[in-house]
Amino acid sequence: MADTLFLILSVLTVATALLVVLNKNAVNAAMFLLLSLVGLAGLFVLLDAPLLAFVLILVYAGAVVALFLFIIMLLDTTPGSFKAFTPLTIAAALTGAAVLGLGIWSLVNRAALPLAPGSVPVPALKQYAEQLFTTYLLPVQVVGFMLLVAMLGVIVLSRKHDATEDAP
Amino acid sequence: MIPLLATAPVYGLPSYLFVSALLFAIGFFGVLLRKNTLVIYMCLELMLLASTLALVAFSRFNGTLDGSVFVFFILTIAAAEVAVGLAIIVALFRQRHTVSVEELNQLKH
Amino acid sequence: MTMLQHAILVLLLPLASAAVIAFFLRKQGALASWISTATAAAIAAISIILLLHGERFEDSVEWLRFGDFSVSLGIKYDDLAALMLFIVGFVGFLIHVFSLGYMHDDAARARFFGGLSIFMFSMIGIVLADNLFMIFIFWELVGFSSWLLINHYHEKQSAADAAKKAFIVNRVGDFGFLLGIIWCYYGLGSVNLTELEKLTAGGAMPCSGWIPLLLFCGAVGKSAQMPLQVWLPDAMEGPTPVSALIHAATMVAAGIFMLCRINMLMLPEALNVITWIGTATALYAALCAIVQRDIKKVLAYSTLSQLGYMVAAFGLGSTGTYALIDLPVSTVATGVGAAMFHLTTHAFFKALLFLGSGSVIMGCHHEQDIFKMGGLRSRMPVTFFTFTIGVLAIIGLPGLAGFFSKDAILYLAYEKNFAVFAVLAFTAVLTAFYMVRVWKITFLGEARSQAAAHAQESGLSMTLPLVVLAGLSVAGGYSGVFGRLAGSVAHLVPEAEGSAHTTILVVSLAVMTLGAGAALFFYKSAATDTLEERFRFGFSWLTWLKESFDRAYDYYVAKVQQRFAMVLNFLEQIVLAGAIIRGLAGFVNLVGYGARALYTGSLHAYVFWFLLGAALLWAFAAGIL
């Protein structure tokens, strides 16, 4: 059953991601991103990390994508178009594909990947908290500070300039 | 909750990693191909998501918690980054009245 | 205070004076002149104290060290240095006093006295030095002070050119000097004078005959021997006290002094060359002096001639005795005695003559052509009297200082090399001729110009040194005086005995009367240069002779050296400036252009580059690259 679930969820994630890229309308792209997030959350659940799945939906889908939607609708842009397929783009595409294939191949063939999952209990919030507040205490503090800075930055950046505006 | 992968699965770690890589590649091509800055930004987020998937997969299959904890950080940073980035884009829109990347090229030599 | 400290003080006092003048007293000419003169007085006093005290010492301190090679600075105060220090100090002091009067109205007085102080410092450094490197350092410093002082009237192009010429010609000589020093160090292992004496004692040969000749090159440059004598007549562009101090009494004598210092390195072949160069210079200069109109130029050529005498005396003195090891050392060093004796007396009477000419020039309102003077006997009596004594000394009137020293040289030549004796005797005739010519035309007869008609005797500051120097010119030759001054060096002066004594006496009297008589006869009227009128061909030949050296050097510089310099310049433009410097800059430019081309302003382009970089990194990490 896990396998079927995996198949469905992964197809969902990848297909909607593809649609994000391919859709001309920005709002549609945001919606498809949302669906992709749902699929990803499901994959997290499959990986025995339900807490993370919840957090993903809460933060990403609830806050980030919502923010995206606000901004898209605020800016009232015209429907976009695709960049023309110049030779450079094709070359870049091939390079990207090559990189991808290279990465996967090297990973699969050379890395000693643990294939069988052990019977690990599903981690609860308590274990996450333990880790966060002992081993990863410093990153937590730093991230808190960074959030403060981000807040300040956003406030400063979104101020309206009453004085003379620079010409574009 | 029931550990869903307690039984030996057909789709192991390589598959998850493959999905992650695929997501990453799609996000990357989105950055390359789209002209709307906001959509480019969304594809950036896709790439981040791909990396979180890889992290959680590794964390699960190695039996440790480090990868999952790291995902917390990634989520936080992604949120902050989106906030700041969108603020920049809005400010830029106020100046240039466009979000098309091709028209935002004043930094050329 | 020990005698060593006295010696160090006498070396550093003029340096301090020069520093004070250079840093603080650029505009206060009067104060600068007083400080410099006071310093000169102190130097003279200390040198007399050192001389009379009788202690002779030596000391040194290491200055630089590179592995095995070391340069040390030291003081070697022996009888030779004592004599030279006295001459430099005392004559220098008298010239300082003279300059107080002579340069009174000059605007750049401070610079002049600062230059004099630096000169005293450098000259005393040469006198007191105990090794060849130190001599070389102060040698160059003396050359610099000479340039500074010749260049005093630097607004005049001729003065600037003369200063440059002096320095460059000196440099040519110094190049040979430096080669000699390096060879000496390399071959003999030391340049310390006392050590060299020990190394070559007992007749041990220096390793090559070229060492003394190369070292002599320095003397050729500094003491203006042929072929580098061209700078000394032009150096008369400097003020007269400068000519008196530097180009008559002390600096040009430094070459002779240095030769006496390196006496132990001499070989018979080298001494032969030295003798003939000195003799040739003496003759050449005397011939050129006959046709000069400028009073200072006559004295300059006279200096050249007398320097030739000194060099010839030095070269003669040690000929032939080197091979005989069992002879006492004093016979080997005879040349030192005769040369230093003549150097001393020459310092006295030549300084006197130059200062006298300065007094005359000042009195005639800066007129230097002797044919525009005349009749100054009655108008400038003190100057006339002292100048006469100087002239009598130089032509060798018995009883005056010049007589004794010239006799010593003639005796030496008579004993060692008759050809040289004949040339030197003929030169003595010419010396008497041109000196009496100058004396007669300048002082006797009627005034030939307005300036001369209104000439007045100079002030006390100028006449007092003249009187003192006249006294020394009279008394300086007597063994009582010279022996006190020179100590053991006086023992090295050759004394004629018996029949040789009479012969030399007769010869010197004869040349003196012949030359003086001819001059008095030729220039009876002295309105114009009668020699020129009578012997036009000879006169023009002599003038050509004087200019021949300068013409040859000009040709060399213009045709040979200049063309070579242009080739080098071309190479430098193409290779260094073009290929290397501009090439490197161009390369960096290209890299800059390349880097700039990446700034397209398009986000997608940047992402492409990012992808490429990531791909390369991944390939590298995967081990493929």
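With which residue does C:Arg551 form a salt bridge? The partner is C:Glu547, the closest N and O atoms being 2.9 Å apart; a salt bridge is here a side-chain nitrogen of Lys or Arg within 4 Å of a carboxyl oxygen of Asp or Glu. The model is predicted, so local features need pLDDT of at least 70 and side-chain atom pairs count only at pLDDT 80 or more, whereas totals for chains, interfaces and linings use all residues. Side-chain values use heavy atoms, with hydrogens and water left out.

C:Arg551 and C:Glu547 are four residues apart in helix α25 of chain C, and therefore separated by about one helical turn; helices are DSSP runs (H or I, at least four residues), numbered from the N terminus. C:Arg551 is partly exposed at 44% relative accessibility, and C:Glu547 is partly exposed at 33% (buried, under 20%; exposed, over 50%; partly exposed, in between; 1.4 Å probe, protein chains only).

C:Lys165, C:Asp234 and C:Asp550 are linked in a network of salt bridges. Over all chains, the structure holds nine salt bridges.

Between chain B and chain A, 74 residues of chain B are in contact with 82 residues of chain A (heavy atoms within 4.5 Å). One salt bridge is found across this interface: A:Asp48 pairs with B:Arg60, with the closest N and O atoms 2.5 Å apart.

Terms used
Residues are numbered from 1 along each chain as its sequence is written. Chains are lettered from A and ligands numbered from 1 in the order in which they are written. Helices (H or I, at least four residues) and strands (E, at least two) are DSSP runs, numbered from the N terminus.
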